[in-house]
Amino acid sequence: MSEKKKIHKVVKWPDPVLQKPGATVTVFDAKLKKLTEEMFESMYAAQGSGLAAPQIAISQRITVIDVSFRKNPEEQIVLINPEIIAREGKQVEEEGCLSLPEIREKVSRAAKVKVRAQDVTGKWFEIEGEELLARAFQHEIDHLDGVLFIDRLSRLKRDLVIRRMKKLIKNGEW
Ligand code: ZN
């Protein structure tokens, strides 16, 4: 019998937890492993390819990524206390975020990145990604620093998006 995993609710802008840097994880126990499993389930339930702990109101440096959208279990990536240690090139593609539903804008990111992170047991490892995966790494690690993709837009674009979100909130459509 498989254990049913808890689905966490994804918090939306302008929840302050999204703008707060997450705390470094120092305890690598069964509870942490369970949380990452729940994060995958919550991410799949919300049709996302990445989820950072602050998005479920847990202000810690944990993120899960699966750019295969559950098709390939080997593509499930857990990053704890991650940092980008190398960047290369540039890509400009449309980006969305589970915490900013309906908002999609083109964001400039590095084309290729190398990330150093810990796994659920606390072991350090390095992982490289390009294209969509590189974008996911940068987007999710930004969340752990309290940065949203709209913060990467021009001032004018960002203001327009914020105005649009405020209108959606006002109309009860957020
Ligand atoms: Zn996001």
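## Close-up views of a predicted model

**View 1. Strands S6 and S7 form a hairpin with five residues between them.** In the turn, Gly122 has a positive phi of about 95°. The model is predicted: local features need pLDDT of at least 70, side-chain atom pairs count only at pLDDT 80 or more, and totals for chains, interfaces and linings use all residues. Residues are numbered from 1 along each chain as its sequence is written, and side-chain values use heavy atoms, with hydrogens and water left out. Strands (E, at least two residues) and helices (H or I, at least four) are DSSP runs numbered from the N terminus. S6 and S7 run antiparallel and are joined by seven bridges; Arg116 stands opposite Glu126 in S7.

**View 2. Five strands make an open sheet in the order S1-S2-S3-S6-S7, with antiparallel pairing.** Strand S1 (50-52) and strand S7 (124-130) are at the edges with a single partner strand each, so one side of each lacks a neighbour in the sheet. On average, neighbouring strands are turned by 35° against each other, direction ignored. Two strands count as paired if DSSP finds at least two bridges between them. Between S3 and the antiparallel strand S6 (residues 112-118) there are six bridges. Ile84 stands opposite Val115 in S6, and the bridge partner of Ile80 in S6 is Gln118.

**View 3. Helix H1 (residues 30-45) packs on the sheet, where H1 touches S1, S2 and S3.** The direction of H1 makes about 45° with that of S2. Helix H2 (residues 131-144) also packs on the sheet, touching S1, S2, S3, S6 and S7, and the direction of H2 makes about 125° with that of S7. Contact means heavy atoms within 4.5 Å; axes are lines fitted to C-alpha atoms, for helices over the stretch in contact, and angles between N-to-C directions run from 0 to 180 degrees.

**View 4. Asp66 lies in the loop between strand S2 (62-65) and strand S3 (77-88).** Asp66 is buried and has no salt bridge; Arg70, the nearest side chain of opposite charge, is 6.7 Å away. Buried means under 20% relative accessible area, exposed over 50% and partly exposed in between (1.4 Å probe, protein chains only). Lys and Arg count as positive, Asp and Glu as negative, while His and the chain ends are not counted. Leaving aside residues up to four places away in sequence, Asp66 touches several residues, among them Phe40, Met43 and Tyr44.

View 5. Lys34 and Glu38 are four residues apart, about one turn of the helix. Lys34 counts as partly exposed at 43% relative accessibility, whereas Glu38 is buried, with a relative accessible area of 7%. The structure holds 12 salt bridges.

**View 6. The side chains of Glu94 and Arg104 meet in a salt bridge of 3.2 Å, N to O.** This pair links distant parts of the chain, 10 residues apart: Glu94 belongs to strand S4 (residues 91-95), and Arg104 to the loop between S4 and strand S5 (105-109). Glu94 is partly exposed, with a relative accessible area of 42%, and Arg104 is partly exposed at 47%.

Methods: A salt bridge is a side-chain nitrogen of Lys or Arg within 4 Å of a carboxyl oxygen of Asp or Glu.
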